[in-house]
Amino acid sequence: MTADQQTQRGWSPQTQMVRGATERSQFSETGEAIFMTSGYVYENAEEAESAFKGDVERFVYSRFRNPTVAMFEKRLALIEGAEDCRGTASGMAAVYAALACHLSAGDRLVASRALFGSCHYICADLLPRFGIKVDFVDGADMAQWEAALSSPANAVFLETPSNPGLEVIDLSTVCELAHKAGALVIVDNVFATPLLQKPLRYGADVVVYSATKHIDGQGRCLGGAVLGTSEFIVEKLTPFFRHTGPSLSPFNAWILLKALETLELRVTRHCDNALAVARALEKQKALSRLLYPGLESHPQYDLATAQMSAGGSIIALELAGGKEAAFRFLNRLKLVDISNNLGDAKSLACHPATTTHHRLAPEDRAHLGITEGFVRLSVGLEDAGDLIADVTQALT
Ligand SMILES: *Cc1c(COP(=O)(O)O)cnc(C)c1O
């Protein structure tokens, strides 16, 4: 670690988000530069030879590394408290790379059942095609984790809070059980953002993000990231990454890098707004269920408050009148848009049973609590009063 990196690790997250890992070019610019270049030139043939041998650390090709992408990676690693990071083209590229670089035929993965739809596809359909055995557990049930991890495993993959059921998983307990079983723990931390929950502190080995969500948070681009120890990133992920090419575009990396500057302000407002909307919804009789990790009524409120510094931006609600009532509610919203994205400045709502989770078998949806009346609400940065007025009028 350089002296600069050591100083930056001592900064508070807010300072790291604004200034961490800034590299100025010969033009001494204030705003970080976008290096839209695929390749790099060498002074002489010897320099190219030593770059490829790995004798000198320098940029050789943007599928491997790029200066703008590297600024994003280093800044996010500082905020997360991770040794190293690789930016990826999307959140799914991050999830797949983290699993595929580590697992081989004959290995065993234990995963929580409540996963983002595409993560579920990778675990349930794709990895088994390559000879990886996958066992699912109910994430909140520690007895199931204990049983599944009583035999050897190579990796554990989980999401907490889960999408869209907002189930909270006890990270310390699962990490301890996983490590005893010999498994590497990979956490999809999208719902919690890098600010509200630090999986590495609870023993997780690898953290993955869809940067498309709160990190950009303004609906502009796709991106993702894998964070972990230098050993994992350099030895496991880098060869997979270099040769399969899930690389993040320098332009998108620049958007995400600049978005980190305001992440704390935005996430704080998301959480304040979501709590205010959730409290207003608690009084609504049209709802048969309301879940928000920051409300005392959440079944895992104590765990959520111990593990997360705030409840996040997502609220799950269930309308008593099933699909018809859920559709009526969505169609009556005037301010909140109907969209399957989340973590955006704009408040967005969707009906998971017919969109994000429509591919699941009806019994699997029922098991995850995704009923016909279930609506997922991603609370944005608008005025809380306006949002409360909109959801209230749409319910009545
Ligand atoms: C959106 C999302 C992903 C996938 O991210 P993309 O950037 O859309 O590829 C993965 N996990 C969770 C929990 C998500 O919400």
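1. **Ground rules.** The model is predicted, so its local features need pLDDT of at least 70 and side-chain atom pairs count only at pLDDT 80 or more, while totals for chains, interfaces and linings use all residues. Residues are numbered from 1 along each chain as its sequence is written, and side-chain values use heavy atoms, with hydrogens and water left out.

2. Across the boundary, 37 residues of domain 1 are in contact with 37 residues of domain 2, where contact means heavy atoms within 4.5 Å.

3. **The largest core.** Which residues touch the most other members of the largest nonpolar core? They are F72, L281, I315, L317 and L377, out of 52 residues in that core. Helix α13 (residues 263–281) gives the largest share, 7 residues. Domain 1 (3–262) and domain 2 (264–395) each contribute at least three residues to this core. For the terms: a nonpolar core is a set of buried Ala, Val, Leu, Ile, Met, Phe, Trp, Tyr and Cys residues joined through side-chain atoms within 4.5 Å. Buried means under 20% relative accessible area, exposed means over 50%, and partly exposed is in between (1.4 Å probe, protein chains only). Helices (H or I, at least four residues) and strands (E, at least two) are DSSP runs, numbered from the N terminus.

4. **L317 and a second core.** Not counting residues up to four places away in sequence, L317 touches L281, L287, R289, L290, F329, G373, F374, V375 and L377. There is also a second, separate core of 28 residues, and among its members are V134, A155, V206 and V208.

5. **L103.** Have a look at the loop between α5 (91–100) and β2 (108–112), where L103 sits. L103 has a relative accessible area of 8%, and therefore counts as buried. Beyond residues up to four places away in sequence, L103 touches L109, L127, I132, N154 and A155. From C-alpha to C-alpha, L103 and A155 are 7.6 Å apart in space, although 52 residues apart in sequence.

6. **The largest pocket.** The largest pocket holds about 1000 Å³ of space. Its lining has 34 residues, of which E57, R65, K74, D84 and R86 lie nearest the centre. At least two lining residues come from each of α1 (3–10), α3, α4 (67–80), β1 (84–88) and α11 (230–244). The search uses a 1 Å grid over the protein atoms alone: a pocket is an open set of points with protein on both sides within 12 Å along at least five of seven lines, a cavity is a set of points where a 1.4 Å probe fits but cannot get out, and lining residues have an atom within 4 Å of a point. Grid points are joined across faces, edges and corners, and a volume is the space filled by probe spheres set on the points.

7. **Cavities.** How many cavities of 30 Å³ or more does a search of the whole structure find? The count is 3. The largest cavity has a volume of about 50 Å³. Its lining includes S62, R63, F64, R65, N66 and V69, and also F241, S247 and L248.

8. **Around helix α3.** S50 lies in helix α3 (residues 45–53). Its relative accessible area is 17%, so S50 is buried. Leaving aside neighbours within four places in sequence, S50 is in contact with D55 and V56. Y42 is found in the loop between α2 (13–19) and α3. Y42 counts as partly exposed because its relative accessibility is 25%. Beyond its neighbours within four places in sequence, Y42 is in contact with E47, A48, A51, F52, R58, F59 and V60.

9. **Cysteines.** A search of the whole structure finds 0 disulfides, a disulfide being a pair of cysteine sulfur atoms within 2.5 Å. For C119, the nearest cysteine sulfur is that of C123, 6.9 Å away. C119 is buried, with a relative accessible area of 1%.

Terms used:
Domain bounds come from an automatic or database domain assignment.
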